[in-house]
Amino acid sequence: TRRIGVLALQGAVSEHASMLSALGAEPVLVRRPEQLDGLDALVVPGGESSAVARMAARVDLLPAVRGCIDAGMPVLGTCAGLILLAERVVDAGALDGFDRIGGLDVTVRRNGYGGQLASFEADVELDTASMHVAFIRAPIIEHVGADARVLATHDSRPVAVQQARVLAAAFHPEITGVDRLHRMLLSLID
Ligand code: GLN
């Protein structure tokens, strides 16, 4: 059984854990760096990136996640998770000054799709199939650098990207029960 961590400081933790269980993996809630040891992959859920970064800073958790990525661990980040993984963040706001994970060669704009009232569900295209997902105070992917590639688009804007074993999406797939990115994450494990 694959042991898949779910960063569990704040946000849509239980939804990802249920989805991983349904795919036959064992979800492991991660709040401290030592809980990353021996995981096969990690999910960084959506939520509030500044809240996650503030809590993670107390135990230096996000640099430890970066270490796992650099060592080859597959990671899936959604929404706030994408913001934490992005190498560059525009309008970082309350996130400013906190350690993030970084390394993903994209520029994102926090709350680029607008505030809570601008949240919406939409069909996004991944390969040739569309999937119905939720955008909640979602970041806009403003630029995709040469090290990353676009996985999914909406209104011809990139909304999901991949760089080596890192998958990241501006939307929440788990809220509408879409498990394609979780399946991709599991397929990236050696
Ligand atoms: N706007 C949030 C942030 O900056 C992200 C929203 C989400 O994850 N649904 O963290």
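This section describes the ligand surroundings, the annotated sites and selected helices and strands of a predicted model. Local features were taken from positions with pLDDT of at least 70, side-chain atom pairs count only at pLDDT 80 or more, and totals for chains, interfaces and linings use all residues. Residues are numbered from 1 along each chain as its sequence is written.

The shell around the ligand consists of Gly46, Gly47, Glu48, Ser49, Cys79, Ala80, Ile83, Arg110, Asn111, Ile136 and Arg137; a residue is near a molecule if its C-beta atom, placed from the backbone, lies within 6 Å of it. Four of the shell residues are nonpolar, four polar and three charged. In this classification Ala, Val, Leu, Ile, Met, Phe, Trp, Tyr, Cys and Pro count as nonpolar, Asp, Glu, Lys and Arg as charged, and the others, Gly among them, as polar.

An unreviewed UniProt entry gives Gly47, Glu48, Ser49, Arg110, Ile136 and Arg137 as "binding site"; such annotations may be inferred rather than shown by experiment, and their positions are given in the numbering used here, with feature names shortened. These residues are spread over 91 residues of sequence, yet they cluster in space, with a largest C-alpha distance of 12.5 Å. Glycine 47 lies in the loop between β3 and α2 (49-57), and glutamate 48 lies in the loop between β3 and α2 as well. Helices (H or I, at least four residues) and strands (E, at least two) are DSSP runs numbered from the N terminus. Glycine 47 counts as buried because it has 22 C-beta neighbours inside 10 Å, whereas glutamate 48, with 17 other C-beta atoms within 10 Å, is partly exposed. A residue is buried if 20 or more other C-beta atoms lie within 10 Å of its own, exposed if 12 or fewer, and partly exposed in between, with C-beta atoms placed from the backbone. Leaving aside residues up to four places away in sequence, glycine 47 touches Gln10, Gly11, Ala12, Val52 and Ala80; contact requires C-beta atoms, placed from the backbone, within 7 Å.

The same record type, again an unreviewed UniProt entry, lists Cys79, His172 and Glu174 as "active site". The three span 96 residues in sequence, but no two of their C-alpha atoms are more than 11.2 Å apart, so they gather at one spot. Cysteine 79 is found in the loop between β4 (75-78) and α4 and is buried, with 27 C-beta neighbours inside 10 Å. Histidine 172 occupies the loop between β12 (166-169) and α5 and is also buried, with 26 other C-beta atoms within 10 Å. Beyond four places in sequence, the contacts of cysteine 79 include Gly46, Ile136 and His172.

In helix α1 (residues 13-22), the buried residues are Val13, His16, Ala17, Met19 and Leu20. They lie on the same side of α1 because they cover an arc of only 165 degrees around the axis, the arc being that of the directions from the helix axis to the C-beta atoms. These buried residues pack against β1 (3-7), β2 (26-30), β3 (41-44) and α5 (180-187), while the face turned away from them carries the exposed residues Ser21 and Ala22.

Strands β7 (residues 120-126) and β8 (residues 129-135) run antiparallel and are joined by seven bridges; strands pair if DSSP finds at least two bridges between them. Aspartate 123 stands opposite histidine 132 in β8. Two residues separate the strands of this hairpin, in which aspartate 127 takes a positive phi near 55 degrees.

Notes: Two residues are in contact if their C-beta atoms, placed from the backbone, lie within 7 Å.
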